[in-house]
Amino acid sequence: MHIHRTGILVSLGIGACSTQGGERPMAVERRLDEVVVWERSISLEENARVINVSPRVRVDTSGYLVADMKEYQVRQYRLDGTLTRTVGAHGTGPGEFSTPPMAAGLLADGSMIVSEFSGRLSTFDSLGQVTGTAVTSLIPLYGFVGLDRETLLLMGRGPNRADTRLLHVWDTGEQTVTARLFPVPRVRPSLASVVWMVGHAHATQRDSLVIAVFATDPAVHLFGLGSTEHRRVPLPSRHFRDVHDPPPRVNARAVQQWLQSFSRLSEVFWTGGDTLLLQYYDMEGSTVRWNLLAMTLGGRGLFEVEDTPRLLAVDDAGRLVFVDPEAMVPNRWRVGRLGSSLPS
Amino acid sequence: MARRTARLIIAVVAMGGVAWCGRGGSTRSLEVGDGAPPLLRPTGRAPLLITWVIRAQDCLTCRTPSRALRRWSGIPMEAAIQVVVVGRGEDRVRAFLEAERIVARVSRLNRGAHRKMFGRASVPALYVVRHDTVIAVWVPAARPVGFAVDSIDVQQGMSHEECACPEGSLVPEEVQRCSCAS
């Protein structure tokens, strides 16, 4: 992971210029078919040992890596959905996961790094054998980005409440955290327990610019790696619902209703240029309703789509990988890209 | 096929501690070796019927045999799966099963009918019946293995101690899980 300080300043400068001067354009409401041009469908290969239940996906030019947190398995697929490799199983032995695998990434030599919920990082060779493990002391460890030979950007929580930072630069050689950033956004005391419970964080990274979101904070946060720069850009959303105080603890039904009363940011994707896609969700009973918000790095709203299929991943070319909106199961996907006629 | 079936039975049984119990009177729980009540007997071509008896609030993935049931779902010639919902919340259970990719017939029993049929049996419980005999019973541990969080007010408010998630762990999949409780 190379650090270009000039790049950081330029990138954060975009945000500074664009959010100054008063009115902040909000995103325009759209349907998914109006903003996404569909290219193809994929059906992921399955068999008696491979069932996609809860896929967390990373995509590159060679195909897809799927970490399935409910099946304790990581799978590698070609772009056409052909299964080429599986690693892991539920257990405590070598190459097994005792807690759910949350993310996976490929190194240039074909080896694979998998992060577990418990904070463990395991490296598998091309034959699926474990070649190394590391304990990060982060729990939960939500995943990682910025994969290269030396450095990962880990998303997770430190071992104690005193350390509220959510992003951690991990030196794979020294097996240690070399920097921490993105403290849990401050909230009033009545919401402190809420942000601890739903305190999921996600980030994406290009060069030395990190873009992060926190579940209940209606904003994106821009950080420069290797610097102290930090800019908070509010979401230009018309539909994201802010969290409010939880009900008294004795009433389970009220808690249930409260859980349905606010939105939560789930992921941030960079689709190229200065366009970001943010995925957030609302609960409706036990059903998760996904929504997408497109905005610029500077905070200008582009579009917002409610009740979408889940966006699983975005590749470096800006292709979007969704669960097929017509599929009953999550092994059927649709790939598209943002149309050229986005609102300006 | 027999070896495969045996392995799958072991997989179900190994999910989290099996309650292998002795025989008893008519109001006691169903036990291994008992004759199965009609509801639990396989009626189709598959020789095994796996019945998962739950309440809606038991849809907590850390306490369910979901992974094993998914495997069974894939071999309908060997085993059929049914889920019996005790009390209300059948719709939530159906949604849960769909999300978990478990193919099962779902039916509902009110609490009185459940008591009449299953005696003092724990809920949730999973029964495996071959022909007309109970060959395995699984009752999950009283508390989930692994994480315990008792310092979060809102989680205590959910009133289900089973819903124990580590701090900051409610990624979307987990929210779905916890929201299944009511």
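**Entry 1: chain B, end to end**

I read chain B along its sequence and noted the pattern α-β-α-β-α-β-α-β-β-α-α. That comes to six helices and five strands; helices (H or I, at least four residues) and strands (E, at least two) are DSSP runs, numbered from the N terminus. The model is predicted, and local features need pLDDT of at least 70, side-chain atom pairs count only at pLDDT 80 or more, while totals for chains, interfaces and linings use all residues. For my own bookkeeping, residues are numbered from 1 along each chain as its sequence is written, and chains are lettered from A and ligands numbered from 1 in the order in which they are written.

Next I looked up burial. Of the 182 residues in chain B, 42% are buried; a residue is buried if 20 or more other C-beta atoms lie within 10 Å of its own, exposed if 12 or fewer, and partly exposed in between, with C-beta atoms placed from the backbone. I also checked contacts, where two residues count if their C-beta atoms, placed from the backbone, lie within 7 Å. Among those in chain B between residues at least 6 apart in sequence, 68% join residues at least 24 apart.

I turned to pLDDT, the predictor's confidence in each residue, from 0 to 100. Chain B has a mean of 70, and 60% of its residues reach 70 or more.

**Entry 2: one helix of chain B**

I picked helix α3 (residues 90–99) of chain B and found B:R92, B:V93, B:F96, B:L97 and B:A99 buried. Seen down the axis of α3(B), the buried residues fall within an arc of 160°, so they line one face of the helix; the arc is that of the directions from the helix axis to the C-beta atoms. After α3(B) comes B:R101, with a positive phi near 55°.

**Entry 3: the cores**

I looked for nonpolar cores, meaning sets of buried Ala, Val, Leu, Ile, Met, Phe, Trp, Tyr and Cys residues joined through C-beta atoms within 7 Å. The largest has 89 residues, and A:A203, A:A212 and A:L278 have the most contacts inside it. Strand β16 (residues 209–214) of chain A gives the most to this core, with six residues. Apart from it lies another core, of 37 residues, including B:L69, B:A80, B:V84 and B:V93.

**Entry 4: a hairpin in chain A**

Why is strand β19 (residues 264–270) of chain A largely enclosed by the rest of the structure? Six of its seven residues are buried, so the strand is largely enclosed. Six bridges join β19(A) to strand β20 (residues 275–284) of chain A, and the two run antiparallel; strands pair if DSSP finds at least two bridges between them. I noted A:E267 with its bridge partner A:Q279 in β20(A). This hairpin has four residues between the strands, and A:G272 takes a positive phi near 110°.

**Entry 5: two open sheets in chain A**

I traced an open sheet of four strands in the order β7-β8-β9-β10 (chain A), with antiparallel pairing. The edge strands are β7 (101–106) and β10 (130–135) of chain A, each pairing on one side only. β7(A) pairs with strand β8 (residues 112–116) of chain A over five bridges, and A:A104 stands opposite A:V114 in β8(A).

A second open sheet of four strands has the order β2-β25-β24-β23 (chain A), with antiparallel pairing. β2 (36–43) and β23 (311–314) of chain A stand at the edges with a single partner strand each, so one side of each is left without a neighbour in the sheet. β23(A) and strand β24 (residues 319–323) of chain A share three bridges, and there I found A:L311 opposite A:F322.
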